[in-house]
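Biologist: I would like to go through this model and ask what lies behind the labels. Please set each value against its cut-off.

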Amino acid sequence: MTTLTQHGAAGSPPKPRNDGLLAILGSLPLAIVFLALVLTPLALTFALSFRPFDYATGIQPGHTLEHYLAVVTDSYFIEIFWRTFWIAGVTTLICVLIGAPEAYILSRMGKPWRSIFLLVVLSPLLISLVVRAFGWSMLLGPGGAIGKAAAALGLGPLLYTPTAVIIGLVHVMLPFMVIPVWTSLQKLDPTVEHAALSLNASRFQTLTRIVLPQAMPGILSGSLIVFGLSASSFAIPALLGGRRLKMVATVVYDEFLTELNWPLGAAIAIILLLVNVIVMMAYNRVVERSYRRSLG
């Protein structure tokens, strides 16, 4: 009887699994929100970038590529794109040089100091970005402490220069570098470092061959976040760079709200998005390839 029951159970068709259906139903609300708040405005912006524009009559019916041609052939826009991306690159590099060691020190702290310093790292995110930008403008201005020190050292004014924009961006973006690296280092057992040191490995070899490969995924993700946010930042360049030091986001703002040339502003925004994606994908490919080589 037991044998027949077992054979019957074995011969019965497997019960259908609803895991895939449940996953689809669970992700459906987020998919609808993503479609409504991200993809739909992006598609509308992309369509707007091909509309003709006349300063006398406004947006015209039809389609044209003149806005894209104007951006890629005009030295004015090319210079602004170049300025935007080298400032974003320098900001990312400084965040890596500061954030990775800071995350390593944070991961080796014990309680309660780890929680305290983690709160210190995250505390700038609790303050409005505009408030922080105005605070830096006061410090970097001619009457501020840092501005006076720079003038005394013969460095000239700092406010409304690329240096001021980079300082403000590093202050804003640093938590986005520290947290991913710190998360990656949580997987590293401290006894592995002790074992390497006990085998006569130097401190530099331990950091480069054991700690750095473990931290590399966090550095990669943090760099992509910092670069993308820095390249598309508006408040910091507008308040610390002024009207003369333009970046792509401030130009888009001017085209939409000052010139009222919405198609040109949409074209600049789409080009910024495409270049940003290409740069980040290339960076991702290079870093992942070097990461795989380091792991053998």
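Biologist: Which residues form the nonpolar patch on the surface?

Modeller: This is a predicted model. In it the patch is made of Val33, Phe34, Leu35, Leu37, Val38, Leu39, Leu42, Leu273, Val277 and Met281, with about 870 Å² of accessible area together. Helix H2 (19–48) and helix H13 (262–294) are the elements that give two or more residues to the nonpolar patch. H2 supplies the largest share, 7 residues.

Biologist: Why is phenylalanine 34 called partly exposed?

Modeller: Phenylalanine 34, which lies in helix H2, has a relative accessible area of 44%. Buried means under 20% and exposed means over 50%. The value of 44% falls in between, so phenylalanine 34 is partly exposed.

Biologist: Why does serine 137 count as buried?

Modeller: Serine 137 is part of helix H6 (residues 129–140). Its relative accessibility is 16%, and the cut-off for buried is under 20%. Serine 137 therefore counts as buried.

Biologist: What does serine 137 contact, leaving aside its neighbours within four places in sequence?

Modeller: With those neighbours left aside, serine 137 is in contact with Leu159 and Leu240. The side chain of serine 137 also reaches the backbone oxygen of phenylalanine 134, at 2.5 Å. A polar contact requires N or O atoms within 3.5 Å, so this pair meets the distance cut-off.

Biologist: What span is expected for helix H4, at 1.5 Å a residue?

Modeller: For H4 (residues 75–107), with 33 residues, 48 Å is expected. The helix reaches 47 Å from its first C-alpha to its last, which is close to that value.

Technical notes
Residues are numbered from 1 along each chain as its sequence is written. This is a predicted model: local features need pLDDT of at least 70, side-chain atom pairs count only at pLDDT 80 or more; totals for chains, interfaces and linings use all residues. Side-chain values use heavy atoms; hydrogens and water are left out. Helices (H or I, at least four residues) and strands (E, at least two) are DSSP runs, numbered from the N terminus. The expected span of a helix is 1.5 Å times one less than its number of residues. Patches are made of residues with over 30% relative accessible area and no salt bridge: like charges are joined within 9 Å, nonpolar side chains (Val, Leu, Ile, Met, Phe, Trp, Tyr) within 5 Å. Accessible areas come from the Shrake-Rupley method with a 1.4 Å probe; for residues, only the protein chains shown count as cover. A salt bridge is a side-chain nitrogen of Lys or Arg within 4 Å of a carboxyl oxygen of Asp or Glu. Buried means under 20% relative accessible area, exposed over 50%, partly exposed in between (1.4 Å probe, protein chains only). A polar contact is a pair of N or O atoms within 3.5 Å; within protein, one must be able to donate a hydrogen and the other to accept it, and residues adjacent in sequence count only if both atoms are side-chain atoms. Contact means heavy atoms within 4.5 Å.
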